[in-house]
Amino acid sequence: MSSVAGTAESLAGVAAEATPGVAAPANGTTVRARLLDTSVDAYHADTISATPSLNATVAKSLILETPAHAKQKHPRLMDGAYVPRHSDAMDEGTALHQILLGDDRVDILDYDAWTTKEARAARDESRAKGRVPMKRGKWDEISVLGDALKTQVAAFPIDPPLFVDGMAEQTIVWQEGDVACRARLDWLHTDYRCIDDLKKARSADPRRWQRAMWPLGYDIQAAFYIRACRAAFGVEPVFRWVAIEPEPPYAMSVHVLSPEAMRSAHDKVDLALDIWSRCLESGDWPAYPPTVQVVELPTWMQVGEWDDSALDSVPF
């Protein structure tokens, strides 16, 4: 892996040197890009940019929440010092990525719990190295899910096949106008035709998953990552989500955006870029409007919507 200093130097050149063969975006904005070899910690801490850079997580927050929320999600803009977040869910996701994508970030430790001094020391040493410590039992549990996922992925009838002939955890940095951007892709096919993205989901049922994805901003993520590839390689890849349930029978489904949904997603990214640029320049990151909000009576609560049949179940 390149050093943080070397990575920052590489990105500093993004604004000065265009990548040959890069296709210009439809809105005419100047885009320069580069593929970087950098650690996941450097990526999340945003130490790879001379100025704070926009990623999909913050872009989603700008659209689905407010600039104030987005600021708190950025490691270089949040109030207080940035501390890397760790959770069981995040660690399990990293382990699943390692099993499926061949990543190598998990240390499998032969402990049943972190209760002993020796176990805690081993765990903390792993974290200090930027790795993910995991108890043997938890790794074995996730391996069952990973093996089931690999079997289904291999059998899924799609071209090109999922998670093959590509590279895991690829970081792309690019410049759109005055906005520095960064993205880290789960799996980028070597011909740049597709981006595959793995999502653990309570339900992979296509109807339920697609209802759940909108409040999570997955469409914004897809458009953002496609822009990264367009800037770096001059291509417009297909973005494919692979949703997997973490419990037996480990059901899986695959999803792509329709052309209409993709256009909407790019509109959202354009808006996020504009909001980010203005907030970064002004230093003003507003939250909700400072006005009293009037609560309207919803239609289903209006008296005219009730009739005698609605009282049949009332116990009096």
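Start with the lining of the largest pocket: by class it has 19 nonpolar, 13 polar and 17 charged residues. Nonpolar here covers Ala, Val, Leu, Ile, Met, Phe, Trp, Tyr, Cys and Pro; charged covers Asp, Glu, Lys and Arg; the others, Gly among them, are polar. This is a predicted model, where local features need pLDDT of at least 70, side-chain atom pairs count only at pLDDT 80 or more, and totals for chains, interfaces and linings use all residues. Residues are numbered from 1 along each chain as its sequence is written, and side-chain values use heavy atoms, with hydrogens and water left out.

**The pocket**

The largest pocket holds about 1,800 Å³ of space. Select His44, Thr57, Arg85, Met90 and Lys199: of the 49 lining residues, these are the closest to its centre. (On a 1 Å grid over the protein atoms alone, a pocket is an open set of points where a 1.4 Å probe fits, with protein on both sides within 12 Å along at least five of seven lines; lining residues have an atom within 4 Å of a point. Points join across faces, edges and corners, and the volume is the space filled by probe spheres set on them.)

Next, colour helix H5 (88-101), a DSSP run of H or I with at least four residues; strands (E) need at least two. H5 gives the largest share of the lining, 7 residues. H2, H3, strand E5 (179-189), strand E6 (194-200) and helix H9 (218-233) each supply at least two.

**Asn55**

Move to Asn55, in the loop between helix H2 (40-45) and helix H3 (56-64). Is Asn55 buried or exposed? Asn55 is buried, at 8% relative accessible area (buried is under 20%, exposed over 50%, partly exposed in between; 1.4 Å probe, protein chains only). A polar atom of its side chain lies 3.1 Å from the backbone nitrogen of Val58. Leaving out residues up to four places away in sequence, Asn55 touches Tyr43, Arg182 and Phe224 (heavy atoms within 4.5 Å).

**Salt bridges**

The structure holds 24 salt bridges (a side-chain nitrogen of Lys or Arg within 4 Å of a carboxyl oxygen of Asp or Glu). Select Arg240 and Asp196, which meet at 2.7 Å, N to O. The pair links distant parts of the chain, strand E7 (residues 238-244) and strand E6, 44 residues apart. Arg240 is buried at 2%; Asp196 is buried at 0%.

Now try Arg207 and Asp205, bridged at 3.4 Å. Arg207 is exposed at 60%, and Asp205 is partly exposed at 21%.

Finish on a network of salt bridges: Glu92, Lys138, Glu141 and Lys200.

Conventions. Polar contact = N/O pair within 3.5 Å; in protein donor to acceptor, adjacent residues only side chain to side chain.
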